[in-house]
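Biologist: Could you take me through one part of this model up close? I'd like to look at the ligand and what surrounds it.

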Amino acid sequence: MTGQLAGKVALITGAARGQGRAHAVRLAQEGADVIAVDIAGPLPSVAYDSATPEDLAETVAMVEKEGRRVVAATVDTRDLAGLRSAVDGAVERLGRLDVVVANAAICVPSAWDEITPTMFDDTLSINVTGTWNTVMVGAPHLVRAGGGSIILVSSAAGLKVQPFMVPYTTSKFAVRGMAKAFAVELAKHHIRVNSLHPTGVATPMGSGDMQAVLGKAIATDPRLAPMFTNLLPVDITQPEDVAETVLFLASDASRYITAHEIAPDAGVTEF
Ligand SMILES: NC(=O)c1ccc[n+]([C@@H]2O[C@H](COP(=O)([O-])OP(=O)(O)OC[C@H]3O[C@@H](n4cnc5c(N)ncnc54)[C@H](O)[C@@H]3O)[C@@H](O)[C@H]2O)c1
């Protein structure tokens, strides 16, 4: 078997579509077997369509097309016991775990005074607690494997504030801190932990209805709109662009990179 991840197994949450699917396919192309976790059902508070069981089945088919094994699980990352049971079962079937990509999240943009307690709570519980749950169920398997790489998906909004996203920005700064905190304690097991900070990506979260909702929020203070500008002359990036950075962080090419923020952000955080 060839490839940068030959013989390895990767757990990816939010794998039914968008960036999570791109990560599953790219890591499989480099030889990894995949554990694909997604809620594949209604997401709370969001203004965009939710992922479906068909979306998750499509990810499974795409990984299998690359000749790799895949175990899919329909689980809400907020459900620690359910997530642990799914991941433990999948690791038993696939034999090991080397890479964790905590990617599942939601985004609920709104002007600050239109955010409800439910929106805030939903965002924090999925983006922060769900990410913590993912590390808690994945890391013990990496310890057993003698090392590995954990990638916590934050956002450009976790490096430089982006407007009209109080809950999301709060959650993504938390994820950035969480990566460093885990990196410190897991280093002795040869486990690296980094946070990932993409700019806008063309996925259901980053397009369509979302743009309309964001537009409504921007209308409350148009002076802030340029804060979303990428330094490079591109309006939006593709899931496959982010997947290349995930592959780098998952592979030995980054073997001495830990406790860092890695940003495929087209320079938005310096604009
Ligand atoms: N799209 C962007 O512009 C952008 C920019 C920067 C960072 N991000 C981050 O990238 C990651 C992937 O986002 P995306 O753009 O692919 O969005 P997406 O909405 O297309 O995909 C997210 C996936 O996560 C799943 N998910 C959400 N909550 C879940 C839960 N509680 N349990 C299990 N699965 C759950 C969804 O069902 C969906 O399949 C997220 O962490 C997001 O915050 C996105």
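Which residue has a side-chain N or O atom 2.9 Å from a nitrogen atom of the ligand?

Modeller: That one is Asp76: an N or O atom in its side chain lies 2.9 Å from a ligand nitrogen. Keep in mind that this is a predicted model. On the oxygen side of things, Arg17 puts a polar side-chain atom 2.8 Å from an oxygen atom of the ligand. Ile39 does it with its backbone instead: an N or O atom there is 3.1 Å from a ligand nitrogen. As for cover, the ligand on its own has 830 Å² of accessible area, and the protein covers 97% of that. The ligand sits in the largest pocket. Two elements each give two or more residues to the shell around it, namely helix H1 (18-29) and helix H5 (166-186).

Now for the shell itself. There are 30 residues around the ligand, and the ones that come nearest are Arg17, Asp38, Asn103, Tyr168 and Thr203.

Stepping back to the whole chain, you'll find 7 helices and 7 strands. Reading from the N terminus, the order is β-α-β-α-β-α-β-α-β-α-β-α-α-β. The C-alpha trace spans about 55 × 35 × 30 Å along its principal axes. The radius of gyration is 17 Å, which agrees with a compact globule, because one of 271 residues would come out near 18 Å.

How values were computed:
Residues numbered from 1 in each chain as written. Predicted model: local features only at pLDDT ≥ 70, side-chain atom pairs only at ≥ 80, totals over all residues. Heavy atoms only, no water. Near = heavy atom within 4 Å. Polar contact = N/O pair within 3.5 Å; in protein donor to acceptor, adjacent residues only side chain to side chain. Areas by Shrake-Rupley, 256 points an atom, 1.4 Å probe, with all protein chains shown as cover. 1 Å grid on protein atoms, 1.4 Å probe; cavity = no way out; pocket = protein on both sides within 12 Å on 5 of 7 lines; lining within 4 Å. Sits in = over half its atoms within 2 Å of the grid points. Helix = DSSP H or I, 4+ residues; strand = E, 2+ residues; numbered from the N terminus. Rg over C-alpha atoms; globule rule 2.2 N^0.38 Å.
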